[in-house]
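Dear colleague,

I am pleased to hand over the structure below for your records.

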Amino acid sequence: MEWLVEPFQFTFFRNAVIAAVLAGGVCALVGTHIVLRGMTFIGGALSHAVLPGVAIAHILGKSILIGGFIAGVVTSLGIGAVSRHQKLKEDTAIGILLAGAFALGVAIMSSIRSYSIDLTGFLFGDVLAVSTSDIRSMAIVALIVLAAVLLLHRQWTVQAFDHTYASAVGLPVGPLHYALMILLSLAIVTAMQTVGVLLILAMVVTPPATARLFSIRVTTMMWLSLFWGVFASLIGLFLSYYLDIASGAAIVLVSVLLFFLAFLFAPTQGIVTGRLRRTERRSPTTT
Amino acid sequence: MPGHSAAQNASAAIQLEHVSVTYAGRRPALEDVSLMLPSGSHVAVIGPNGAGKSTLFNALLGLVPLAGGRIRLFGLSPQRARARIAYIPQRDQVDWQFPLTALDIALMGRVTHIGWRLKPRAADYAAAQSALERVDMWKMRATPIAELSGGQQQRLIIARALAQEAPLFLLDEPFNEVDASTQELLLDLFDELATAGRTLLVATHDLALARRRFPALLFLNRSVKGFGSPDEVFTPETLEKTYTKQVVKWDEGDALSSIVDAHTFSHNH
């Protein structure tokens, strides 16, 4: 058991673990509703779109969490506004804003001297550089997200399942949508330092997808997604420590590996186990 | 109607006065529709595709702006009356692969009752249970919705509406591709609801069924082409006015409805 305890003697590792667990959990919780509503592409767009906000905050010496959050919210409003134009579909609006915001972020970053080092940190994450004050902000964000999800998940589910019905019973569908966008922006900035802008999408989408294969209810899927998100973050960090590989990539690889294991072997919905079960079920009736 | 004051009609479940709806750049979807339905009305809404049945429902739900006229539901504007409307969409409008159980769907009918509470109350579970029992789905409450048959899924979205405990039901094609036993169960349920004073508007393509099992028929094709009991309005004239380009052949008695049925059937599938 020494190998399990050993890395914890280092402050940077303890901080990294807390940061990764918070990020993994927050992304997986919000991600459940992103996946249920088929908004993966928006998740990808928002995670890239935080970059200009991060870059500006970095240059001004302000909090990159707040800078990224503002950029995320502005972009999600922008996607809503552009896609309301009758001749453009939403995915087109997303594609344009994704690339545009990302280019703007790179352009701003390239104006400063330590360009490539800082940019690499934002793009791929640097969980070992997370400070104690970063962790405090991340914990506050995580609490906000948890409270909001507990409060709103029922309404989101109704809306995702049947949008017209949600409007018909008078749920505030517009505000509910933007609340989800705001929470997604919060989740993204929480995970930014752990896995980096380019890999956040995997933190948002993979744990819920894995959880989906084990769940017949949205609530089960949500808490299971939280579990897979946190679990992948922990295992990934250990792998990163012992194999000396980038922490963000390690976490995402573990998460994706878990997904494929579930895809093949989940009790009823895995493709291998599902087939076995169907043949078992069939055989007694045919003999 | 002139002379009718708002106070006189406050008890009307549905009141439309010269209602018109126009979608941008197209000809009107509804034109000068006037209608007064007291509580307990049980009406089949009949008309070809694109006749404005969905638009009528959307207008009653306050989801489309009116180009003219006025709608009052129990004396209220549609937006303010939402808590009193149980809307049942077409079954294929929702994603049945969603990770939800039958009980989850019935509980959705309580979403506005639950509001900001973290969990449904006992009253919400009781309403969901009673709704599922009424459509004979309580024993299936723990079943994932993806594993249910079309008829069972249809019963579920009706249970969701029942759980709302609303006085007005808007049902969009509830008999589409359901099994015979579900159809009978729903028809009996609708009769019971109407007898208990609930108001039901049921959009359907099934003319023979509407004629046989509904006390009132509303023929709609952009405007009202006929409204009354089957004996009064189920006539060649009304049908031809409603299905202008579609009913070509025409015979006596039941042959009439079968011809129209055959035509609307091939039109829809």
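**Two loop residues in chain B**

F74(B) sits in the loop of chain B that runs between β4 (68–73) and β5 (85–88); strands (E, at least two residues) and helices (H or I, at least four) are DSSP runs, numbered from the N terminus. The model is predicted: local features need pLDDT of at least 70, side-chain atom pairs count only at pLDDT 80 or more, and totals for chains, interfaces and linings use all residues. Residues are numbered from 1 along each chain as its sequence is written, while chains are lettered from A and ligands numbered from 1 in the order in which they are written.

Most residues other than glycine have a negative phi. F74(B), however, has a positive phi near 50 degrees. R222(B), in the loop between β8 (216–221) and β9 (223–228) of chain B, also has a positive phi, of about 65 degrees.

Are these residues buried or partly exposed? A residue is buried if 20 or more other C-beta atoms, placed from the backbone, lie within 10 Å of its own, exposed if 12 or fewer, and partly exposed in between. F74(B) counts as partly exposed because it has 18 such neighbours inside 10 Å, whereas R222(B), with 20, counts as buried.

**Chain B as a whole**

Chain B has 10 helices and nine strands, and 45% of its 269 residues are buried. Of its contacts (C-beta atoms within 7 Å) between residues at least 6 apart in sequence, 67% join residues at least 24 apart.

Yours sincerely

Notes
Two residues are in contact if their C-beta atoms, placed from the backbone, lie within 7 Å.
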